[in-house]
Amino acid sequence: MKRALNIFCLVVFTCGLVHAQAAQYRVVFDLTSKDSLEQKAVMRWVKGISASNPNAQLEVVMYGKGLEMVIPERSTVAADVQAALKNPNTTFAVCEVAMKGNNVDKSQLFT
């Protein structure tokens, strides 16, 4: 009886692991700083997660001065942002209030 219970628990645990691995992986990154080290860290995380789980859905949301990461002339990680934009599971969202406050138009952002 004890052995049957152990086998049952093992089967249930294994099914739980398989289900957990099959679940979608979604991550939202919040960036409010124009600090180049923080921008590099966000892009390193985006690249790392994309490499380990190509189906992961990633979104980088930028507020305040964080929007400089997606302005080609101001970005310290422009090449990384352009590469990430090629992945259909990675998106970048910029706060419109931050854009108005920094006198930035949508046409100035990476496309």
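Helix α2 (residues 36-52) lies across β1, β2 and β3, and its direction is at about 170° to that of β1. Angles here run from 0 to 180 degrees between N-to-C directions, with axes as lines fitted to C-alpha atoms, for helices over the stretch in contact. Contact itself means heavy atoms within 4.5 Å. The model is a predicted one, so to speak of local features takes pLDDT of at least 70 and side-chain atom pairs count only at pLDDT 80 or more, while totals for chains, interfaces and linings use all residues. Residues are numbered from 1 along each chain as its sequence is written, and side-chain values use heavy atoms, leaving out hydrogens and water.

As for the overall layout, the protein chain has four helices and three strands, arranged along the sequence as α-β-α-β-α-β-α. These elements are DSSP runs numbered from the N terminus: H or I of at least four residues for helices, E of at least two for strands. The three strands make up an open sheet, ordered β1-β2-β3 with parallel pairing; two strands pair if DSSP finds at least two bridges between them. At the edges sit β1 (26-31) and β3 (90-94), each pairing on one side only. From one strand to the next, the twist averages 15°. Between β1 and β2 (residues 57-62), which run parallel, there are six bridges, and F29 stands opposite V60 in β2.

Now for the interior. Of the 111 residues in the protein chain, 32% count as buried, that is, under 20% relative accessible area, against over 50% for exposed and partly exposed in between (1.4 Å probe, protein chains only). The largest nonpolar core holds 25 residues, and M69 and F92 have the most contacts inside it. Such a core is a set of buried Ala, Val, Leu, Ile, Met, Phe, Trp, Tyr and Cys residues joined through side-chain atoms within 4.5 Å. Two or more residues each come from β1, α2, β2, α3 (78-85), β3 and α4 (96-101), with α2 giving the largest share, four residues. Leaving aside residues up to four places away in sequence, F92 touches M43, V60, M62, M69, V70, V81, A84 and L85. Among contacts between residues at least 6 apart in sequence, 73% join residues at least 24 apart.

N103 has a positive phi of about 55° although it is not a glycine, and N103 is exposed, with a relative accessible area of 67%.
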